[in-house]
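Hi,

Here is the structure I promised to pass on. Have a look at it first, then read my notes below.

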2 protein chains.
Amino acid sequence: MKQKEALLKNIYRRELNEIEKKIALIFKRMKPRSLYEPSEFIMKSGGKRLRPMLTLFSAWSAGGKFSSVMNAAIAVELIHNFTLVHDDIMDNAEKRRNRLTVHNKYGLNAAILTGDNLIPIAYDYLLKDIKNNNLEIVSNFSKAIRIVCEGQSLDEDFETRKEVSIREYKEMISKKTAALLEMSCSIGAQIVTEDKTIIRKLENYGRSLGMAFQLQDDLLDLMANETKFGKVPGGDLIEGKKTFLLLNALESARGKDLKDIKLLIKKRGIAQEEVGQFREMFIRLGVVENTKKQIKLYSKKAIKNLTGMPNEEAADFLKELALELTAREN
Amino acid sequence: MKQKEALLKNIYRRELNEIEKKIALIFKRMKPRSLYEPSEFIMKSGGKRLRPMLTLFSAWSAGGKFSSVMNAAIAVELIHNFTLVHDDIMDNAEKRRNRLTVHNKYGLNAAILTGDNLIPIAYDYLLKDIKNNNLEIVSNFSKAIRIVCEGQSLDEDFETRKEVSIREYKEMISKKTAALLEMSCSIGAQIVTEDKTIIRKLENYGRSLGMAFQLQDDLLDLMANETKFGKVPGGDLIEGKKTFLLLNALESARGKDLKDIKLLIKKRGIAQEEVGQFREMFIRLGVVENTKKQIKLYSKKAIKNLTGMPNEEAADFLKELALELTAREN
């Protein structure tokens, strides 16, 4: 197992390097710079590049090569970054990954345009890798972008709504987060195979992984170490966001706990000093444990889809990736 | 000639009706309503529907049927409306066609998301009409969206720049306005024919028409009748926009005229009461005449491309359309 982990890390690092090299070239010499400088700024902000990696590893698992889907991988990363730029505007976020957000650095108008423009460029990259004239891939890509917008819209709705059920919350994150991971996997498969079963399995893997990933994000927001995570811990509580943890706490809390949570929702947030108290409460109520359990369930559900892949070694890596992602600390 | 005009009007009205019926159904029953109500609001705001009409008439001229490109026509209208919603945010516009702008009615976040989401939906509509698996059409569509974003970015740049040449201004409008009209025509052709010459001709027609159309818009902003145009006359001057007219005036003005124009640029606008004085100056300097001349030149250039079309009757309508558009008063 240790050996497999090390091998995965090596391959991941090698392909990440390829992705970064390609990203560094996207906007080179493109004009006007007022549009392409912010585009470079956001795209070069690093990170795990999870979505393009899923495209690469899915294609590999489906029996294809990394090189067949490298442009498609860039395409999903472009879409992801479009959502980051626009979401940051909507959330009034000042920073992302310890750097200024695009609207904060370049202004609102440049940020709107930068996000917009990443979309057609993403389609252009996707098209480069579609060799079999398969328009279904473009359709799949479009559908995911639409669903992500719908998810973001639901997330906005929830902010002002008094009550949100856990079922509704899950629907929201399945749209806002999981749909893009799902699509990252399915287009990787679609480009290299026509086997619908394989495509469907990788799609399901991506969706369940996406759910696990978002719940993990909710958990990390409360529990993570500040410097590793690059955000203020408890940021979701401070902003009064109705996360999986908060909605769970709301279900199981009684007495003073319940009163405190309701006050948080009513006041739409708490002070930074109160985060510790809420963290303690969430642990005491079993909310943290329950969230961890849910993450494991989704991770298992994701992994279950990986049987019978044309390339078993590659599928093993996707399994390893799911395990590592859901155990991550940042 | 009168008979042809009447026939064109009839066909235009009939197809406009089809377009409107289709538009009314796009967002029906789609959820969440927080996303799709503003989408309906902007898409149902009427207008000439010039871009979808160009798609229909181009396909017809290239020997195809209206019904083959009806979805593609909707696609270009969706893209046009995406640009309207986001441009209105960037311009701080309160109203459009005598109604509230989307961000004014639904808020900034809803407006950003509404615009975003129109893009993937537009691709979906386009894909419905691509029967020959021709990915070049998707690529053409993407390219136009990117160029429109670049044009809008240039337009933003010009606002804060002291000097803009007429050549630069033309480049900007060729991207911001003409690129979309060009693409509306070329995809109409691409869907129904593989004849590159025909496609190229209709593309060129659309581009030149787009230039004429934008210059006409600049002219109408100053000269049009308020109620017909639905905007305050001289709005561009009030906002200090560097339009074709202003840049031309700047070239030919001397003495007090020149001083007044430079002050307008420095102060980034004038009071509504001063519009009349500037209109008079622009007429006196021959700027209005010169703009009319340019519009005619682009219109002629557009029409020149219409020879040798598979359907000459349809091409005649495109010619008529160009003549009417460039003679329009609103």
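**What I found**

Let's start in the middle: the largest nonpolar core has 198 residues, and of these Ala122(A) and Ala122(B) touch the most other members. A nonpolar core here means buried Ala, Val, Leu, Ile, Met, Phe, Trp, Tyr and Cys residues joined through C-beta atoms within 7 Å, and buried means that 20 or more other C-beta atoms lie within 10 Å of a residue's own. Leaving out residues up to four places away in sequence, Ala122(B) touches Ala75(B), Leu78(B) and Ile79(B).

Bear in mind that this is a predicted model, where local features need pLDDT of at least 70 and side-chain atom pairs count only at pLDDT 80 or more, while totals for chains, interfaces and linings use all residues. Residues are numbered from 1 along each chain as its sequence is written, and chains are lettered from A in the order in which they are written.

Next, the two chains: 32 residues of chain B are in contact (C-beta atoms, placed from the backbone, within 7 Å) with 32 residues of chain A. On chain B's side, α2, α4, α6 and α7 each give two or more residues, and α7(B) gives the most, with 13. Helices are DSSP runs of H or I, at least four residues, numbered from the N terminus.

Cheers

Technical notes. A residue is buried if 20 or more other C-beta atoms lie within 10 Å of its own, exposed if 12 or fewer, and partly exposed in between; C-beta atoms are placed from the backbone.
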